[in-house]
Structure formats: C-alpha cells, structure tokens
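Please examine the sequence and the three-dimensional model shown below. The paragraphs that follow lead through the structure step by step.

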Amino acid sequence: MADADKGKKAKVTEEGGSPSPAASPQLLQSISKLQEIQDELEKINVNASDEVLVLEQNFNVLRKPVFIRRNEVIGTIHEFWLTAFLSHPILGDLLSEEDQKILKHMSSLEVEEAKDVKSGYSIIFNFSPNPYFEDGKLIKTYCFNEEGKLSIMCQPIKWKDGKGITNGSGHDKGGKRPYTSESFFTWFSEAVKSDGQVDQIAEIIRDDLWPNPLKHFQDEVDAMGLYGEAEGEGDKGFGGGNEGAEEDEDEDLEEVEDDDDKEYHEEDGDDEEEEDIGEDEDDGGADADADEDE
C-alpha cells in the first residue's frame, strides 16, 4: 500500500521510463497551499454567483414594465412577430407555410423567469382569436432541479376541427424559403423529458429573439426595400434634394447669365449703333459745311 502511494506521487517519465524521485516536501507544501487558495476562490465564486442571481432578480423586476410597454407598441405593428420570426436566420427556416399563416395571429411574446432565476423560465406565445386553435396562450416551461437536470413541461395544443398541423402542407414550391416538412408548432407538443438536453429553439427565443425583436424585424423590412424607399424620399428632402436644388440653381444662374449676356450684348449693340449714327451725323455736318464754303 505504501508503495502504491509512493507511485502516485512519483513522476513517470515519457514512454514508460523509470519513475523520477518522489516529490520533495517543499513541492508538496506548495501544492497544499495552492489547493487552499483554490478552495478560497471557489467560495468567492459561489458567493458571486449568488449575488449575481440577486441582481438579476432585481433587474427582472425593473425590466417587466418596460417589456409591457414594448408589447403595447408592438401590438400596433401589423404582423410584427411573423416578420421577426421570418427574418431570424434559424427560426425563419423552421416555419412552414401554414405556420406563417398561424403566426399572423400572434399578438405578443413573453419570457418569464422563475423568481429565483436559476430554477427555470417559461416561454409564452399569446394569440388573438384565430381559426386554428382554441388556446389564447401557448406555454412551454423549462425547470432545472438542484442537480441542474432539465425537465420540460408543455400542454398539447387544442386544435380546432380539421386544423391540426402535423406537416408543412400548403407549402408554395416557388417560395424563397426552404421547404419545412414539420410544423414549428410541434415544438409546443414535445413529450416531457428530463434528459438534460439543451433545447436550441428555446435558447434562441430566450437569448436572442426576446431581448431585441426589433433587430430582426428591421432586417426583414430592410430586405423588402421599404426602408430604401423611405431613405430615397428622405434624400430628396436632404442630401439628394440639395444636389437637385443645386443643379436647378446652377441652371437658373446660367439662364440669368445668358439673359444678362444677351442684354449686355444688345445694349452694347445699341451703343455701337448710336456711335455709328453719331459718326454719320458728324460726317453729314462736315459735308454740309464744306458745301457752304464752296
């Protein structure tokens, strides 16, 4: 047994060589001190995590009324959530043609954190009355136990007669987006599980779409060229308009200069004619004087 302990402490050379001499007492003492320091750091990290959770709880309270105001404004924008989903580089490819029709009725999105933050969260899709299902809310909840294992809770969607979505029926083969054989809404009906697997869709919604949906909405609107038209119109009133105005002003100035030159030349011509007439009169007067002398 003693020999085994010595073997653990001895350093074995590469390629199965003979072991090096046992670690010196000084090295063992240094390692022991380092372990004590690491244990101290670990305690600080645990305390820091607890403090961060408390801060996150406080900030969640501050965010809630702001999120409510945001949802109120989003409610005034036609098909906002459909546009934001379609614009997302991952979520957009998960939507079938029928999914897109359903999302037209989506009124708001919410992500509710558990009070202690670390134990989980819920994703809530709110819908206005629609011809597809009876539910006003579709909710999916993620819970973590003390060991960190994940369990997912959700309720089956109450589809109206003949409206159950299980595939991508109604897909337009000429559409720009890839064909999706499975409906996005099957995500709400996945079986409860506690295998600790990460739900990518949930993480995307919670960490990307929910914090700033306007970013994705603007991307889609930009792709449609609506902002480009607005910018073009704006340019006419600002940068682009100034260029046109300057050109018009230059043309007007050229016309004025041409008119001035014309008037100038006409006046100059009149002066020359008057000088010619004056010279003729002088010549005539001189001839008359000459005749009188004769």
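**A guided reading of the model**

Leaving aside its neighbours within four places in sequence, Phe85 is in contact with Leu91, Gly92, Leu95, Leu103, Met106, Phe125, Phe184 and Leu209; contact here means heavy atoms within 4.5 Å. The model is predicted: local features need pLDDT of at least 70, side-chain atom pairs count only at pLDDT 80 or more, and totals for chains, interfaces and linings use all residues. Residues are numbered from 1 along each chain as its sequence is written, and side-chain values use heavy atoms, with hydrogens and water left out.

The overall plan comes next. The chain holds eight helices and four strands, and their order along the sequence is α-α-α-α-β-β-β-β-α-α-α-α. Helices (H or I, at least four residues) and strands (E, at least two) are DSSP runs, numbered from the N terminus. Of the 294 residues in the chain, 24% are buried. A residue is called buried under 20% relative accessible area, exposed over 50%, and partly exposed in between, with a 1.4 Å probe and protein chains only. Among contacts between residues at least 6 apart in sequence, 56% join residues at least 24 apart.

Which residues of the largest nonpolar core touch the most other members? They are Phe85, Ile123, Phe125 and Trp187, in a core of 38 residues. A nonpolar core is a set of buried Ala, Val, Leu, Ile, Met, Phe, Trp, Tyr and Cys residues joined through side-chain atoms within 4.5 Å. At least two residues of this core come from each of helix H3 (80–87), helix H4 (97–103), strand E1 (106–113), strand E2 (120–127), strand E3 (137–144), strand E4 (150–154), helix H5 (200–209) and helix H6 (213–224). The most are given by H3, with six residues.

Helix H5 has buried residues at Ile201, Ala202, Ile204, Ile205 and Leu209. Seen down the axis of H5, these fall within an arc of 165°, so they line one face of the helix; the arc is that of the directions from the helix axis to the C-beta atoms. On the face of H5 turned away from its buried side are the exposed residues Gln200 and Asp207.

Attention now moves to the largest pocket, which has a volume of about 650 Å³. On a 1 Å grid over the protein atoms alone, a pocket is an open set of points where a 1.4 Å probe fits, with protein on both sides within 12 Å along at least five of seven lines, and lining residues have an atom within 4 Å of a point. Grid points are joined across faces, edges and corners, and a volume is the space filled by probe spheres set on the points. The pocket is lined by 19 residues, of which Asn60, Lys64, Val111, Glu112 and Glu113 lie nearest its centre. Helix H2 (25–74) and E1 each supply at least two residues of the lining, and the largest share, nine residues, comes from H2. By type, the lining divides into seven nonpolar, four polar and eight charged residues. For this division, Ala, Val, Leu, Ile, Met, Phe, Trp, Tyr, Cys and Pro count as nonpolar, Asp, Glu, Lys and Arg as charged, and the others, Gly among them, as polar.

Some individual positions complete the picture. Val117 is found in the loop between E1 and E2 and has a positive phi of about 65° although it is not a glycine. At 13% relative accessibility, Val117 counts as buried. Not counting residues up to four places away in sequence, Val117 touches Leu53, Glu56, Gln57 and Asn60. The C-alpha atoms of Val117 and Glu56, 61 residues apart along the chain, are separated by 7.4 Å.

Glu79, in the loop between H2 and H3, also shows a positive phi, of about 55°, although it is not a glycine. With 24% relative accessibility, Glu79 counts as partly exposed.

In strand E4 lies Cys154, which is buried, with a relative accessible area of 17%. Beyond its neighbours within four places in sequence, Cys154 is in contact with Ile139, Lys140, Phe188, Ser189 and Glu190. A separation of 6.3 Å lies between the C-alpha atoms of Cys154 and Phe188, 34 residues apart along the chain.
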